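Here is a short briefing to read alongside the sequence and the model. Please keep both in view as you go.

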Amino acid sequence: MIPNQWYAILPSREVKRGALYAVKRVNLDLVLFRDAEGKLGCVVDQCPHRGAALSAGKLAGSHVRCPFHGLEFDTEGNCRRIPANGNASKEDISRYNVKQYPVQELMGIIYLWFGESEKATASVPFFHDQIDNSFSYSEFPDHWNAHYSRCIENQLDVVHVPIVHYNTIGKGNKTLVNGPKVLYENGMLKTSANNEVDTGQTPKKPDDCEIRSLYLGFLFPNIWINHISDKLMVLIYFAPVDEENTILYVRFYCKLTPFRSLNALIAFFGKFANKRIERQDKRVVVTQKPAASTLKSGEKLLTGDGPIIKYRKIRQELKEST
Ligand code: FES
Ligand SMILES: [Fe+2]
């Protein structure tokens, strides 16, 4: 994990008012809930009193109440009530506060700040220049038994397309990989597949290739798009569960027509095509060893792996700079 980053971890709609939501993300057991105003809170799912899972408790108004001895905590993790001490108690109970993680919501995604809370930045990563609320979208989750870095690398991999997806998006036997060109601008890693049928030509060097209108974009630490056109995109956020598990949330964005409901319908059906492609990837990525990728992995990389090499370099730099 790269520390001090906003990780997209969950769709907002999963955390409903009036209920606790237990989930494992970024190697932590967490419980999420909303207060009476709908404000989101995220605390460690372990009571500081004697360790019971808070998620086995209840939401009491705006507080999560531990199932064991009834201690209550607000969305900031502050302990607000200890029944055994009596309601009249004036004692300072701040030492019972539970560890809380900063969370934010944007475009229907919950982001969690993993790192030092005081370093949390105001804005979270999203493709604002590509996607706004005029799009309709569909979304589905899928569990991969793989480290999130491997899942991300797969989405930046232009070499695998004609092999893994030989009968879907990689049809046509374009096995020769030109470039690809890789850019890192304004925090976005960008690349474009430029593959061709092999007729004996020499692959073009990355600098002789270009970023096309159909490009792949990635924002650290875990959000990616396939910009098919200005009106059609696939977005994936790779929610890290632990060292060996990731949930991919795959969104299909559409605004092909002036009608929202028709766009929503296209997005709904687009989901099935995406699922088929994504399952082709998953079958192979879950077999990769070691589970997580690193810059000095000992893997024998190809010229076409340029986007993956860049991803690894930036990831390493971010890890070292924080
Ligand atoms: S363990 Fe939670 S109140 Fe005692
Ligand atoms: Fe793929």
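This is a predicted model: local features need pLDDT of at least 70, side-chain atom pairs count only at pLDDT 80 or more; totals for chains, interfaces and linings use all residues.

Residues are numbered from 1 along each chain as its sequence is written, chains are lettered from A and ligands numbered from 1 in the order in which they are written, and side-chain values use heavy atoms, with hydrogens and water left out.

**Domains and annotation**

- The chain splits into domain 1 (5–119) and domain 2 (136–321), with bounds that come from an automatic or database domain assignment.
- Taken over C-alpha atoms, the centres of domain 1 and domain 2 are 34 Å apart.
- An unreviewed UniProt entry carries the annotation "domain: Rieske" for residues 6–112; UniProt positions are given in the numbering used here, feature names are shortened, and annotations may be inferred rather than shown by experiment.
- Residues 6–112 are 0% helix and 39% strand, and 5 Å separate the end C-alpha atoms. Helices (H or I, at least four residues) and strands (E, at least two) are DSSP runs, numbered from the N terminus.

**Where the two domains meet**

- Contact, meaning heavy atoms within 4.5 Å, involves 16 residues of domain 1 and 18 residues of domain 2.
- About 1,300 Å² is buried between domain 1 and domain 2, with carbon and sulfur atoms giving 52% of that area. Buried area is the accessible area (1.4 Å probe) that two parts lose on being put together, summed over both.
- Y7, A8 and R25 supply 31% of the area that domain 1 buries against domain 2, more than any other three residues.
- Eight residue pairs (both at pLDDT 80 or more) are in polar contact between the domains. A polar contact is a pair of N or O atoms within 3.5 Å; within protein, one must be able to donate a hydrogen and the other to accept it, and residues adjacent in sequence count only if both atoms are side-chain atoms.
- On the side of domain 1 that touches domain 2, the elements giving two or more residues are β1 (5–11), β2 (21–25) and β10 (109–114).
- The largest share of that side, seven residues, comes from β1.

**Salt bridges**

- The whole structure has 16 salt bridges, each a side-chain nitrogen of Lys or Arg within 4 Å of a carboxyl oxygen of Asp or Glu.
- Between domain 1 and domain 2 the count is one salt bridge.
- R13 pairs with E139 in a salt bridge whose closest N and O atoms are 2.8 Å apart.
- R34 and E105 form another salt bridge, with their closest N and O atoms 2.9 Å apart. This pair links distant parts of the chain, 71 residues apart: R34 is in strand β3 (residues 28–34) and E105 in strand β9 (residues 103–106).

**Backbone details**

- Most residues other than glycine have a negative phi, and most peptide bonds are trans.
- The F220 to P221 peptide bond is cis, with omega near 5 degrees, and P221 lies in the loop between β16 (215–219) and β17 (223–229).
- The K289 to P290 peptide bond is also cis, with omega near -10 degrees, and P290 lies in the loop between α3 (260–285) and α4 (306–321).
- N4 is not a glycine, yet its phi is positive at about 60 degrees; N4 sits in the segment before β1.
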